[in-house]
Structures are given as structure tokens and as C-alpha cells.
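Trainee: Please pick one part of this model and take me through it closely. Keep it brisk, and show me how it connects to what lies around it.

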Amino acid sequence: MENKIYDVIIVGAGVSGSFIADQLTKEGMKCLMLEAGPFLDKDTYPTYEVLTSSKMYWSGGIELNKNASLAFLRPKVVGGGSIVNQALLDRFDEEAFGDWRSKSSIDYLNTRDMAPWYDKAEAKIAIQTIPDSARNRNAEIFLKGMEKNGFSAKALTRAQSGCEYEKGNDCIECLSGCRIDSKQSMPVTTLKSALAQGLKLIPLFEVENIKMNQDGVEISGIRGKKDAQKFKAKKLVMAAGAIGNSLLFLRSGLDKANPAIGENFYTHPQFMSLGVYKDPVNSFKSAFQSVKSDDPKFRKWGFKLENVFAPPAGLSMLVPGHGKAHADDMRKIPHMACIEVAVRDTNPGKISIDSKGRTVIDKKLNSEDKKRRDKGIEIINNIFSSTGAEKIIQGNTAIGLHLMGGCVLGTDGKNSVTNPEFNLHSNKNVYIADSSVFPSAPGINPSLTIMALSTMASKNIISGF
Ligand SMILES: Cc1cc2nc3c(=O)[nH]c(=O)nc-3n(C[C@H](O)[C@H](O)[C@H](O)COP(=O)(O)OP(=O)(O)OC[C@H]3O[C@@H](n4cnc5c(N)ncnc54)[C@H](O)[C@@H]3O)c2cc1C
């Protein structure tokens, strides 16, 4: 046990934890950040795709729901999702906030009241629109197919400062961490300033238990897989992500006082389709995702289309089949275009633990979610067919990248975990503002809203001292 009592312990060095650490340390607070993953940088990010999974994700790369029909990618690295994500940033619309208000009864969840918090969050990072010159053939096929089928699309906005496409940079690599520090991940933005302002960060420290009383918190865990350590603080920020927060609370027995822990888990499940073309497409070249579907009809239908691609090992798990047939398909990678449908899921899942403390995730698609998925796949097939694809391959695994909920915001402690001031309902010394507080699936990229909510929560933490 370290004798020192910190002002604040922050569990998780991802998007929310880093934004909060930046603002608290700016006010001179003594903060300790504990992160289970390693501290890597542009010189040490893995260059071998499979090592990205084993070094930078929980459970060696992939976690599954109860019946193995849905795979989750949960980052475990200093910087959290900001290291491995695609850094697409969008503000939520009234449609998303309206649903949140009806589920949480929190009035400030609207575009007008959230606008100043989005402004503050955006001021912390460089945001650029991808230039037309960086488009590859995958993007051209998508744009042509969308137009032919009567849908609108536009250039993507991304957290980046200069991707050097003109120098032949292929940005698909940055799913393993950006090697030119263009992507605005936390270690090159808010975490960097927090460290300069005095934040103490311990990487490779897995928090295992939380004890709390009305005066403060005691956090225990394992450092480097062998040394048990404990720390004390006046206040605690839980920023371990949607699955991480629920697991820690459940393993610490806090569900008795907060019965909704683990409820309302959403993931924006994604389904990948590949169009195989006669001429090379080279989807992995240049900006591997530069345009997006912005058609209002898709919003109404409850999905969006992602014009992405995946590195070869990841792709090999999505391409169906075995043996020679699978290998023959994989040889066609340079000829493949790719579009995914990301469903705005309506069926809440549940995160729980079994009698041995192991993770159990109950998350299924209901008939509405399946209808949304099928409509999206139908449109993708039309896009590929109308642009000359010789074959269409339907990926066989659904993936959840946007992990949300489990400690949702709300005014009622019976069906929510985090109150409108971002405190745990049962304890005013514990704050949460990461992806776990999302009351439902917005159908929009979550990161920018996590940054805005975390900025808002920081003000409350500071004024709470
Ligand atoms: C491949 C991929 C692409 C994505 N693309 C986009 C995109 O383009 N735009 C977008 O908005 N979002 C995207 N996302 C989602 C986005 O990255 C997440 O929504 C966001 O990172 C969540 O932020 P967070 O602060 O809630 O948690 P995270 O950023 O995940 O941080 C949580 C941290 O807590 C740590 N932690 C958990 N448990 C413990 C513990 N017990 N002890 C210590 N530390 C712990 C984890 O290791 C992790 O580092 C993507 C995600 C993935 C995986």
C-alpha cells in the first residue's frame, strides 16, 4: 500500500480517462492513472498485424458474446481505443440525444446544451476532412455505387494532423497505432499534456478491486502480472470502457447498491461485405476510409454504411470457408472492395460475471436489428452489382467495435448507474463519463461525445473538491 492519498485515481488511460486527466492536472490536482495495457509509441507500435491483437487488445484480440455470434474488439493499451480506432469524429444529432433523453430523463442531453462541450473537446485535437486526392479505388467504387442507387455520400472528417498521403503513406497501418503521430490519439494530445502537468501513470496495472466509503476509495490490483499493489484517493474516475467498468464494479460487489450495473450494453454490430472486381482495387492503399454515407434515409432505417477495409489476418477471419476455397478468396485481396453495414442496435445486452468472476456477455440481435442489417446488406449488394463486381462475399462474423453502456446515465437509480452529475448513484466520490454511460446506441461514432461528456464531468469533479 502506498502511503500517499491522491486527489483522484483514474482507472483506464483511454479517451475519457485522458480527457479528464488533462483537465484535473491543469488545476494542479494530484492524479494517478492506472492502465492495464502497455505504453507504446510511434517507434514501438507492433508492425506485425497479429501482434496488434495480442499486445493491444483484451483476451488476445477478440471477446465473444454467450453464443459466439458477435465478436467484440476491446482495446488494452495506453490511449485505449484512440490508438487502434479509425478516429472518425461526429457530433450526435437530435435523433440520438432525443432517445437518450427519453431513456435517462436528463434534459441537458440535446444538441444546443452539448454544443459548448463539443467545442471545448474539439479544441483539444486537430480535425481534418480527408482530401479528394487521397481517395483510393474502394472509395471511388463506393461513391459511384451510392450515386447509381440514389444515395448521398460525402468526405469523412477525422482526428488527424497530417497523414502524408502524398508521400505514399497507407493509413490502414494506423489501426495498429499511428507511426507518424498524425492520428490524434490520447498520448499525442490530452494524455501528453496531462503527463506534462504532473499526472502519474502506471501502465500494465490491472485494477481488480474497488473499496469505497464516504471519505474516499481504495484501489487494488496487479502490476506487471505479479506485484499486488493498493492505492488510495479522495475520488475515483472510472474510465475503463463499457465492458471494463461493469466488470470491475461487479467483481467489487457494487451491484447490490447499484442494481443496473451491466445492463443496457450496445455495440453497433458491423457486418462486412466484399465485392471482388476484375481490375485491382487496392483498398489498403492511401486513405483506406475517406468517404461516408450521409443519406438521411439510412438514419431513418437505423444503420450506416462504412467504406472500410481490414488488414489481412483480420480479413481472413471474416471471409467464410475453409482450406483451398478460403485461400483462393484470400489471394484476391488486391481485387476486393469493402463496405460494412453498422447497425444502430435496439436490443440491450447485459454484462455479467459467472461464479468464478469470468465475463459473460448476453447480447443478441432482435428482429428489428436483423431487419436493419438485412436492409444494409441489400443496399451494399446493389452498390457492388451496379459497379461491376464479379463476385460478392458476405463476411461471416459480426463485430462490435463501439462498446457502449453498462453504467448508463439516468435520474433513477433503479434503471441507471450514473447520475446526471456523472456520479455513481450510490457514491458521490466516484465519477464516470466514458462509453459506459451511453443510455442507448446513437448510431453515430461515439468518441467525440465521450470527449464532450468527459469535459463536462471534469468541471463537476473540480468543483466537487
Ligand atoms: C478498431 C476500432 C475502430 C474504431 N473506430 C472509431 C471511430 O472511427 N470513431 C469513433 O468515434 N470510435 C471508434 N471506435 C470506438 C472508440 O475507440 C471507443 O468508443 C472509445 O475508445 C471508448 O472510449 P472509452 O474512454 O470509453 O474507453 P477506451 O478508450 O476503450 O479506454 C478504456 C481503457 O481502460 C483500460 N482498462 C479496462 N479495464 C481495466 C482495468 N481493470 N484496469 C486497468 N485498466 C483497465 C483499457 O485497457 C483501456 O485502455 C473504434 C474502436 C475500435 C476497436
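Mentor: Start at the hairpin of β10 and β11, where 3 residues lie between the strands and Gly 224 has a positive phi near 55°. This is a predicted model: local features need pLDDT of at least 70, side-chain atom pairs need 80 or more, and totals for chains, interfaces and linings use all residues. Numbering runs from 1 along each chain as its sequence is written, and side-chain values use heavy atoms, without hydrogens or water. Strands (E, at least two residues) and helices (H or I, at least four) are DSSP runs numbered from the N terminus.

Now follow the pairing, which requires at least two DSSP bridges between two strands. β10 and β11 (residues 227–238) are antiparallel, with 7 bridges. Ile 222 faces Ala 228 of β11 across this pair. On the other pairing, β10 joins β9 through 7 bridges, again antiparallel. Asn 209 sits opposite Ser 220 of β10. β9 and β10 also form a hairpin, with 4 residues between them.

A backbone N or O atom of Ser 447 is 2.8 Å from a ligand oxygen. Polar backbone atoms of Ala 87 and Pro 446 are each 3.3 Å from an oxygen atom of the ligand. On its own the ligand has 1000 Å² of accessible area (Shrake-Rupley, 1.4 Å probe), and the protein covers 94% of it.

The buried residues include Ile 243, Leu 247, Leu 248 and Phe 249. After α8 comes Gly 253, with a positive phi near 75°.

The sheet is open, with 4 strands in the order β18-β17-β12-β21 and antiparallel pairing. Its edge strands, β18 (359–362) and β21 (404–406), each pair on one side only. Neighbouring strands are turned by 35° against each other on average, direction ignored. β17 and β18 share 4 bridges, with Ser 352 opposite Val 360 of β18. α8 (residues 241–251) packs on this sheet, touching β12 (263–266), β17, β18 and β21 (contact: heavy atoms within 4.5 Å). The direction of α8 makes about 40° with that of β17 (fitted C-alpha axes, N-to-C, 0 to 180 degrees).

End on Lys 350, in β17 (residues 349–353). At 35% relative accessibility, Lys 350 is partly exposed. Beyond four places in sequence, Lys 350 touches Gly 262, Glu 263, Phe 265, Val 360, Ile 361 and Asp 362. The C-alpha atoms of Lys 350 and Ala 260 are 9.6 Å apart, though 90 residues separate them along the chain. The side chains of Lys 350 and Glu 263 make a polar contact at 3.0 Å. That term means N or O atoms within 3.5 Å; within protein, one must be able to donate a hydrogen and the other to accept it, and sequence neighbours count only through two side-chain atoms.

How values were computed. Buried means under 20% relative accessible area, exposed over 50%, partly exposed in between (1.4 Å probe, protein chains only).
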